[in-house]
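Dear colleague,

Here is the structure for your files. My notes on it follow below.

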Amino acid sequence: MQSPLPVRDGVNATRLRLPDEGPWETALDYMMHRWGHIDPQGIEDRFDAGEIVGEAGVALDRATPLQDHTFIWYYRTLPPETRIPVELTILHQDDHLLVVDKPHFLPTTPGGTYIQESALVRLRNQLGLPDLIPMHRLDRMTAGILLLSTNPETRGKYQVLFEKRQVQKEYECVSAAEPAPGHPAVDFPVVVRNRMTKSRSYLLAEVIDGEPNAETRIERLRTFDSTGATDANTHVSRETDGGPRGSIDGGPGRRALYRLEPHSGKTHQLRVHMASLGLGIVNDAFYPELLDKAPDDYTKPLQLLARGIRFVDPISGAPVEYRSGLNLSEAR
């Protein structure tokens, strides 16, 4: 359902569904029930200013009966946010698409404590493109290629590509060169298939019994150790010491760079699939073990990168590929 209010400061208006019935006579009464403990004067001021609207942009006032509207829209008061010390890089822009390198720690879309400090809101404000919409999402802790639609008229053509899985994605990650104790050896390349689920009320995705709905092809590209020595015919990489307990951190040990090719797009799919092999990704605070919440350590990003994306462009009909210019800090 399209909002009757335009994007403001890079942020969409919030939509609220009003109940069909209840002890509230007016929409204002219900809003006060929901949010009055936070900012009662602000709610009244919004009604008085005509900033709370129903379908077709009809403004509500303090006396508007509850049953007059099913959905209403309004602008939230945005709390102050500390700027995340990372920057987006624009790789490509045309009349239909914007392609950027999203850094680690920056969420793709607004949510929770990150509103202005999201890739979408930053780019809308920076480029003056209020209709900008991401075509897919990267986890906050994952860096790399992100595609956004700049044109509402052609957006559906690109959305169909993602819906029909006609977009090929390639990721890279750094993990241990061999599985953790208790896990069998892996003969690469390997394809991991299972059934995954994730509820909104729980941080972690889970593997459950049932028909597989998640698939990833995993290939080991090269191995290296903490001194920078590598296998023959591989590149050199240097490790750093330290890291959170329970994660695979930047400490000494044999490492490897992996290529990941997901054939589905479940939440945390790549992180879960690597951990299931005993190869949890370096600096992953969720898998294989959920660590206590701690402030972001910008020196230890999750070693997972969306390296590339390719598809046949639905407008030009030509095959296109976009590649990230970023590199994983543990795989240099």
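This is a predicted model: local features need pLDDT of at least 70, side-chain atom pairs count only at pLDDT 80 or more; totals for chains, interfaces and linings use all residues.

Residues are numbered from 1 along each chain as its sequence is written, and side-chain values use heavy atoms, without hydrogens and water.

The volume of that second largest pocket is about 420 Å³. Of its 16 lining residues, Gln2, Ser3, Val7, Asn12 and Asp131 are closest to the centre. A pocket here is an open set of points on a 1 Å grid over the protein atoms alone, where a 1.4 Å probe fits, with protein on both sides within 12 Å along at least five of seven lines; lining residues have an atom within 4 Å of a point. The volume is the space filled by probe spheres set on the points, which are joined across faces, edges and corners.

In helix H1 (residues 27–35), Ala27, Leu28, Tyr30 and Met31 are buried (under 20% relative accessible area, 1.4 Å probe, protein chains only). These four lie on the same side of H1, because they cover an arc of only 160 degrees around the axis, taken from the directions from the helix axis to the C-beta atoms. The buried residues of H1 pack against strand E1 (14–17), helix H2 (40–48) and strand E2 (71–74). Helices (H or I, at least four residues) and strands (E, at least two) are DSSP runs, numbered from the N terminus.

Leu127 belongs to helix H3 (residues 119–127). Leaving aside neighbours within four places in sequence, Leu127 is in contact with Ile90, Gln93 and Leu98 (heavy atoms within 4.5 Å).

Regards

Note on methods: Buried means under 20% relative accessible area, exposed over 50%, partly exposed in between (1.4 Å probe, protein chains only).
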